[in-house]
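Got the model open and wondering what sits behind the labels? Let's go through them one at a time.

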Amino acid sequence: GIFLKTNGHPANRGNVTFGGTPLAVTHIKNYMVSLLSNGKAEVTSLLEFKQVQSVDVPNATLIAAGANRILVASAESVVSLEALPVASQVRELIQNAHVNEAHRLLARSKPSKEDLDDFHWKAGWSLICKLRFDEAFHHLSSANTDPRKILKLFPELKPGTDNNSASVGKHGIHSMIAKSENPGQSLE
């Protein structure tokens, strides 16, 4: 599909490729939902112009947009699709160590300096947990974070403790990483 301006001329935006013949199209926020002849509802990001989700809704005949959700209905069922806030999407991507994708998504939302610092801090910690230290260092050094906050992650390295040998305690760095299950936790 090609986006057109109100005067009928093509808009300077991306094109959308549908997975079937569109029967109806609507949008909410930065997403377009298309009801297709093949029994699917496709969700397309209007920021990237790519499909982000496909939902089976056999025999769907109606699609309607509300304030924060889209309903797709057939004679047998109604499916409700709700757009997640960008912050929730970024948080989930970071937790799953999809840091580059999270950064691209965040960048499109025009984040503040504080938002970027927070992103880099959480991304760095998530990557430490995945033992991806080079990438983690890049993010933590970009986070405008007091180095003491990073050192608090590793109490075994504190000078004067018996565990600050090269092996970092009895079980090594894996035991320190296992202590935190929440990469965004506050250490203050």
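Q: What makes up the largest share of the lining of the second largest pocket?
A: That would be α1, with five residues. Keep in mind that this is a predicted model. The lining consists of V86, A87, V90, R91, I94, L106, D115, D118, F119 and K122. The pocket's volume is about 170 Å³.

Q: What is the volume of the largest pocket, and which residues are closest to its centre?
A: The volume is about 670 Å³. There are 28 lining residues, and Y31, V52, Q53, L84 and Q89 come closest to the centre. At least two lining residues come from each of β2 (31-36), β3 (40-45), β4 (50-56), β7 (78-82), α1 (86-95) and α2 (99-108). By type, the lining splits into 14 nonpolar, six polar and eight charged residues.

Q: Why is E114 called exposed?
A: Exposed means over 50% relative accessible area. E114 comes in at 57%, so it counts as exposed. This residue is part of helix α3.

Q: How do you know that the buried residues of α4 line one face of the helix?
A: In α4 (residues 133-142), the buried ones are A136, H139 and L140. Looking down the helix axis, they fall within an arc of 95°, so they line one face.

Q: What covers the buried residues of α4?
A: The cover includes α2, α3 and α5 (147-151). As for what comes after α4, N144 follows the helix and has a positive phi, near 50°.

Q: Why is A97 called buried, and what is its phi?
A: The cut-off for buried is under 20%. A97 has 9% relative accessibility, so it counts as buried. Its phi is positive, near 60°, and it isn't a glycine. You'll find A97 in the loop between α1 and α2. For background, most residues other than glycine have a negative phi.

Q: Is N59 buried or exposed, and why?
A: Exposed. The cut-off is over 50%, and N59 has 55% relative accessibility, so it counts as exposed. N59 is another non-glycine residue with a positive phi, this one about 60°. Its place is the loop between β4 and β5 (62-65).

Q: What makes β1 and β2 a pair?
A: Strands pair if there are at least two bridges between them. Strand β1 (residues 22-28) is joined to β2 by six bridges, so the two meet that definition, and they run antiparallel. Within the pair, A24 stands opposite L35 of β2. The hairpin has two residues between its strands, and K29 takes a positive phi there, near 45°.

Key:
Residues numbered from 1 in each chain as written. Predicted model: local features only at pLDDT ≥ 70, side-chain atom pairs only at ≥ 80, totals over all residues. Heavy atoms only, no water. 1 Å grid on protein atoms, 1.4 Å probe; cavity = no way out; pocket = protein on both sides within 12 Å on 5 of 7 lines; lining within 4 Å. Points joined across faces, edges and corners; volume = space filled by probe spheres on them. Helix = DSSP H or I, 4+ residues; strand = E, 2+ residues; numbered from the N terminus. Nonpolar A, V, L, I, M, F, W, Y, C, P; charged D, E, K, R; others polar. Buried < 20%, exposed > 50% of the residue type's maximum accessible area, 1.4 Å probe, protein only. Arc of directions from axis to C-beta. Contact = heavy atoms within 4.5 Å.
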